[in-house]
Amino acid sequence: MNAANRDPRAFDNPDALDIDRKIVRHLGCGYGVRACLGQNVARAELKTVLPKLFQRFPNPRLATPRKKCPRTSPAPTTAPASS
């Protein structure tokens, strides 16, 4: 799951935030009978938590420059083989 929505085979420049990206093949909560049972809980939590978070911390920023943050491993491009 480390590569969620960042698969270079599916997305041009997968590490960039592109809110106008036209491709809609992405990992999400699903739809219809295949919908994630927890999506309504996640939605409710985000609607509650994010406004409070940004109210308390209106100008969040990294304490360390992004380029200095270690990345322990590259994002996988394929799912691991199951045993």
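What share of the contacts in the chain with a separation of 6 or more comes from residues 24 or more positions apart? In this predicted model, such pairs account for 31% of those contacts, where a contact means heavy atoms within 4.5 Å. Residues are numbered from 1 along each chain as its sequence is written, and side-chain values use heavy atoms, with hydrogens and water left out. Because the model is predicted, local features need pLDDT of at least 70 and side-chain atom pairs count only at pLDDT 80 or more, while totals for chains, interfaces and linings use all residues.

The secondary structure comes to one helix and zero strands; helices (H or I, at least four residues) and strands (E, at least two) are DSSP runs, numbered from the N terminus. Of the 83 residues, 7% count as buried, that is, under 20% relative accessible area, with exposed meaning over 50% and partly exposed in between (1.4 Å probe, protein chains only).

Q39 counts as buried because its relative accessibility is 17%. Leaving aside residues up to four places away in sequence, Q39 touches C29 and G30. The C-alpha atoms of Q39 and G28 lie 9.1 Å apart, across 11 residues of sequence. L50, by contrast, is partly exposed, at 36%.
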